[in-house]
Amino acid sequence: MRTVIAEDSVLLRAGLTKVLETAGFEVVGAVDDAAGLLAAVEEHRPELVIADVRMPPTFTDEGVRAALVVRRQWPEVAIMVLSQYVEERYAADLLSQQTSAIGYLLKDRVADVESFLESLRRVAGGGTALDPEVVAQLLLRRQDTSLDRLTAREREVLGLMAEGRSNTGIAELLVISESAVAKHINGIFAKLDLSSSDGGDHRRVLAVLRFLDGERA
Amino acid sequence: MNAALASTGRFLLVPWQARAWRDLWFVVLSSALSLPPLGIMVLAWIFYVPAYVPSVLVCVFAPLAVVVLLSPQLTALRRATYFEIRGVRIPKPPPLPSASGGPRNPGRLTAVGSALADRFRSPRTWRQALFHLVACPAAELVGVLSGVAWLGALVFASVAGNFAAKGSFALAGVQFAVCLVLVYLAPWLVMASVRWDLKLAADLLGPTREEQLAQRVSDLTESRAATVDAADAERRRIERDLHDGTQQRLVSLAMNLGLARATLTDLPEDARAALAEAHEEAKDTLAELRHLVRGLHPVVLEDRGLDAALSGVAARSPVPVRLAVDVPRRVSPTVEAVAYFTVSEALANIAKHAQAAEARVDVWLDGPLLKVSVTDDGVGGADAGRGSGLNGLAQRAASVDGGFEFSSPVGGPTTIQVELPCEL
């Protein structure tokens, strides 16, 4: 998979490149700032972009802003944003245009090489990967919306859906059966007033969006 | 006995030190400087003796107005003299606040007019006029008396000489004693006059006690703000250093260990276990460091404000938090930081001591105040004195002139309320 990496730490840039190449990704560009990232995407038209949030010159949210530009100009490029700390506000920005083919993870997650690569593949395949820490922050805001009606277990399931997990993945994580997961998801759909005419996958995205929308309301 | 004699001798010689002569010179000069304001006051009376009440009033108030108008110049002259001759610095009072609020149409005349109005309104002007017209001449009078004393001494000396020539030595002795007393008294008078003069100048020409205190408060406020800002900047620097250095290295280390763990599948069992342990350790360290560094200075606070930063704090709290932030505009970064750390410290306290099922955090703007309220449904009975972080919270609020209120009856609920002025 053709990938561009934007990361200002030399050490991490080299490390990420090594990890990706070991796993069979093709790193076509490795740059150290947002401007370099945009130029590399323009030049190489990669399938996947991995960007650090904090880069020169202001060291605040350059990565998030560059990711939004990439999303607008080249919507077909999947984006994984990495950060030393995750903030729901940045997640809300990233997800404001569409919730597919986007990921936002703590940098720490890179250490778990296998699951990090799995997240990358999921994002490249059009899915989402939100860090559990972001999801926890997003859940915090849900209290005064229709999401209030969800049970604790349903919230947990919805959080995992927002992380981009499949039903199988959710079942494994919660150590419950897949049919139990499906039951919870139907409960969520019902409580969020999402009727079956919206279609299965579509409803799933809508539920996650509702979950994220409460944030901005 | 000898020591007592010596000190009495020194005391008696005091008026005849070099200082006495410097004081004399000062009195002469100072008297000269007193002449212009007094001159202005008597000028009209020399050429025209008013006979009716209205003209008396004119002859009193017109010169008085001139002295008041000239008082800044007269005062500046005094200040320079005191400094040049005595090395005494009379501090300049702060600039007059403009009570007239500035002219609407800033023509030259209106500007002069409003400056004059400000000056007449200010008690400082009247204190200065009092000094130039009354206090200083009074002090100088003592100096003049010393001149009289010297003159008297001369007269008595010559009279004593006359009596001595006529042979009446007893009378001559008395006259001579009077002469000695006068000669001795004169320098004392001079010195007393100068001491008075300087004291009056400091009291009437310098800033009042009130102005001095106001100046001191504004100096202290400024230096405290600078200290708070410096501490903030230092935290920011440390955060940045850790982020750019240690954290990246640790991520890289953990990643390499993770890569080794994933790829080196044919290692002996104990080597694999050691590798796994090192990997887990590295990840734990990374998480610990991340929490520590974020606690130092959250970048998102600077970047996106309180609401964004507090959701991170609340989400990490082990006690569930209901968070409501209603702050539609950004406030001063220092105040944001105080509010942020207050909430994060309060939530940490709740997690440690309160045994609460839920905490509630409200942050809102109330006019010029940013208000923060943190409540929990725990056991209460928290004591601000008992080494909890509560003292630190109160100090943090005080560092920006904020208020801190705390209540924690046994059985709960515990409430912390902080009010911070938005702009410093």
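This passage describes a predicted model with chains A and B, taking strands, helices and cores in turn.

Asp52(A) sits in strand β3, residues 48–52 of chain A. The residue is buried, and its relative accessible area is 2%. Its contacts, apart from neighbours within four places in sequence, are Ala6(A), Glu7(A), Asp8(A), Gly63(A), Leu82(A), Ser83(A) and Lys107(A).

Strand β5 of chain A covers residues 102–106. The strand is mostly covered, with 5 of its 5 residues buried. Ile102(A), Tyr104(A) and Leu106(A) point one way from β5(A). Gly103(A) and Leu105(A) point the other way. Strand β4, residues 78–83 of chain A, pairs with β5(A) over 5 bridges in the parallel sense. Here Ile79(A) stands opposite Ile102(A). Between β4(A) and β5(A) the chain passes through helix α4, residues 88–94 of chain A, in a right-handed β-α-β crossover.

β5(A) also runs parallel to strand β6, residues 128–130 of chain A, and 3 bridges join the two. Ala129(A) in β6(A) stands opposite Gly103(A). The path from β5(A) to β6(A) goes through helix α5, residues 113–124 of chain A, and this β-α-β crossover is left-handed.

Helix α7 of chain A spans residues 152–162. Of its 11 residues, 8 are buried, so the helix is largely enclosed by the rest of the structure. The buried residues are Glu154(A), Arg155(A), Val157(A), Leu158(A), Gly159(A), Leu160(A), Met161(A) and Ala162(A). Gly164(A) follows α7(A), and its phi is positive, near 95°.

An unreviewed UniProt entry places the feature "transmembrane region" at residues 44–70, 129–157 and 169–190 of chain B. In the model, residues 129–157 of chain B are 100% helix and 0% strand. The end C-alpha atoms of that stretch are 41 Å apart. Residues 169–190 of chain B are likewise 100% helix and 0% strand. Their end C-alpha atoms are 32 Å apart.

Helix α6 of chain B, residues 169–205, includes Leu205(B). Leu205(B) is buried, with a relative accessible area of 1%. Its C-alpha atom lies 10.0 Å from that of Ser71(B), and 134 residues separate the two along the chain. Leaving aside neighbours within four places in sequence, the contacts of Leu205(B) include Thr75(B), Arg78(B), Tyr82(B), Ile90(B), Phe131(B) and His132(B).

Chain B also contains an open sheet of 5 strands, in the order β1-β2-β3-β5-β4 and with mixed pairing. The edge strands are β1(B), residues 321–326, and β4(B), residues 403–407, and each pairs on one side only. The twist averages 10° from one strand to the next. β1(B) runs parallel to β2(B), residues 359–366, with 6 bridges between them. Val363(B) in β2(B) is the bridge partner of Val325(B).

Helix α10 of chain B, residues 306–316, lies across β1, β2 and β3 of chain B. Its direction is at about 175° to β1(B). Helix α11 of chain B, residues 333–354, packs on the sheet and touches β1, β2, β3 and β5 of chain B. The direction of α11(B) makes about 10° with that of β3(B).

The largest nonpolar core holds 91 residues. Those that touch the most other members are Leu37(A), Tyr104(A), Met161(A), Leu310(B), Leu347(B), Leu370(B) and Leu420(B). Helix α11(B) gives the largest share of this core, 11 residues. Leu370(B), not counting residues up to four places away in sequence, touches residues including Leu306(B), Val327(B), Val335(B), Val363(B), Trp364(B), Val418(B) and Leu420(B). A second, separate core has 37 residues, among them Ile5(A), Leu20(A), Met255(B) and Leu275(B).

Note on methods:
Residues are numbered from 1 along each chain as its sequence is written. Chains are lettered from A and ligands numbered from 1 in the order in which they are written. This is a predicted model: local features need pLDDT of at least 70, side-chain atom pairs count only at pLDDT 80 or more; totals for chains, interfaces and linings use all residues. Side-chain values use heavy atoms; hydrogens and water are left out. Two strands pair if DSSP finds at least two bridges between them. Helices (H or I, at least four residues) and strands (E, at least two) are DSSP runs, numbered from the N terminus. Axes are lines fitted to C-alpha atoms, for helices over the stretch in contact, and angles run from 0 to 180 degrees between N-to-C directions. Contact means heavy atoms within 4.5 Å. UniProt positions are given in the numbering used here, feature names are shortened, and annotations may be inferred rather than shown by experiment. A nonpolar core is a set of buried Ala, Val, Leu, Ile, Met, Phe, Trp, Tyr and Cys residues joined through side-chain atoms within 4.5 Å. Buried means under 20% relative accessible area, exposed over 50%, partly exposed in between (1.4 Å probe, protein chains only). A crossover is right-handed if, with the strands pointing away from the viewer, the path from the first strand over the helix to the second runs clockwise.
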